[in-house]
Amino acid sequence: HNIAGHESKRSFHFATRRLIALSNVVITHLAEPPQEFASLVRRWTGRDPVYVPHGLLDLYRQSPHKIDHPILAYGERGILFFGAIRPYKGLDILLEAFDIVQRQIPDARLVIVGRPWEAWDRYAHLIEAKPWRDRVVTRLDYVPTNEVAGYFDSCELVVAPYLRFDSQSGAALSAIGLGKPLIVTKVGGLPELHPMADYVIPPGNSKLLADAITRALSNRAELDLLADASRQVASRMNWDHVADETCKIYQGLLSRPAKTS
């Protein structure tokens, strides 16, 4: 699931190498894992890593969902950033993009939901310095399962502006599971979640990100296309398919000689 570690730590890389060395096969959630990782897997297992998609995160729709207080006023257009707040997730780039978006769509509002894994001060300073600071809604805490869908339902668009990434995104998979319009960056497994290339943005480019957000929010038909794209991806990431592909891997291993050290 997490090939390279979100923050670079020697202990993580050492543990990863040891686990690969003990494995007969390595399953990844990336169709095209980093070449260095693929080479490491081939070296220690004698086989290429095997791709199985991450299962769809649609459990939130199965739980009664409610939020005790309204997030947005009537007519406001919500842009949702959801999940743990960490340096690699590009929230600062999204704030720069929102500076552009807000000038063109005054009723846009940025909703930031997640527990910070870093000092919040750097983001607070960015927000407080702007005239649109009152257009940002934050919930900087863990969100109970029965409230998650409420945040997604309240917003028209979900954005995953990650800067670097060698994994698959739980927040983006949640958006897809809930049928929400989604914008992602071209890192890790995120492009695999989006069939519309215009909404897969180069990481770190706030201008192109703002253009994509503005284009989506300015056109109801475009939002509908994005929602259809999420449902299209969801249809091929169901858990039955994931289970079938995983079982095939185990069956293949059982038919081969055991690995010897």
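Me: In what order do the strands of the open sheet with parallel pairing stand?
Reply: The open sheet has 6 strands with parallel pairing, where strands (E, at least two residues) and helices (H or I, at least four residues) are DSSP runs numbered from the N terminus, and two strands pair if DSSP finds at least two bridges between them. This is a predicted model, in which local features need pLDDT of at least 70 and side-chain atom pairs count only at pLDDT 80 or more, while totals for chains, interfaces and linings use all residues. Residues are numbered from 1 along each chain as its sequence is written, and side-chain values use heavy atoms, with hydrogens and water left out. The order of the strands is β5-β4-β3-β6-β7-β8.

Me: Which are the edge strands?
Reply: An edge strand of this sheet pairs on one side only. That description applies to the strands at residues 136-139 and 200-201, which are β5 and β8.

Me: Over how many bridges do β4 and β5 pair?
Reply: β4 covers residues 108-113 and pairs with β5 in the parallel sense. Within this part of the sheet, Val113 has Arg139 of β5 as its bridge partner, and Ile112 stands opposite Thr138 in β5. The bridges between β4 and β5 number 4.

Me: What is the hand of the β-α-β crossover from β4 through α5 to β5?
Reply: A crossover is called right-handed if, with the strands pointing away from the viewer, the path from the first strand over the helix to the second runs clockwise. β3, α4 and β4 make a unit of this hand. The chain also crosses from β4 through α5 to β5, and this crossover is right-handed.

Me: Which residue of β4 stands opposite Ile79?
Reply: β3 and β4 run parallel and are joined by 6 bridges. Across from Ile79, the residue of β4 is Leu110.

Me: How many of the residues of β4 are buried?
Reply: Buried means under 20% relative accessible area, exposed over 50% and partly exposed in between, with a 1.4 Å probe and protein chains only. Both faces of β4 are covered, with Ala108, Leu110 and Ile112 buried on one side and Arg109, Val111 and Val113 buried on the other. The count of buried residues in β4 is therefore 6 of 6.

Me: At about what angle does α4 run to β4?
Reply: Axes are lines fitted to C-alpha atoms, for helices over the stretch in contact, and angles run from 0 to 180 degrees between N-to-C directions. α4 lies across β3 (77-82), β4, β5 and β6 (157-160). α8 packs on the sheet as well, touching β3, β4, β6, β7 (182-185) and β8, and its direction makes about 165 degrees with that of β6. For α4 against β4, the angle is about 165 degrees.

Me: At roughly what angle do the axes of α4 and α5 cross?
Reply: Two packed helices are described by the angle between their axes and the distance between the axes. The axes of α4 (residues 91-104) and α5 (residues 121-128) come within 11 Å and cross at roughly 5 degrees, which makes α4 roughly parallel to α5, given that angles under 35 degrees count as roughly parallel, over 145 as roughly antiparallel, 65 to 115 as roughly perpendicular and the rest as oblique. Leu91, Asp92 and Leu95 of α4 make the contact (heavy atoms within 4.5 Å) with Arg122, Tyr123, Leu126 and Ile127 of α5. The crossing angle is roughly 5 degrees.

Me: What is the relative accessible area of Asp134?
Reply: Asp134 lies in the loop between α5 and β5. Its C-alpha atom is separated by 8.8 Å from that of Arg109, 25 residues apart along the chain. Asp134 is exposed, and its relative accessible area is 52%.

Me: Within what distance do the axes of α8 and α9 come?
Reply: The axes of α8 (residues 206-217) and α9 (residues 220-235) cross at roughly 105 degrees, and α8 is therefore roughly perpendicular to α9. Arg215, Ala216 and Leu217 of α8 make the contact with Glu222, Leu223 and Leu226 of α9. The axes come within 6 Å.
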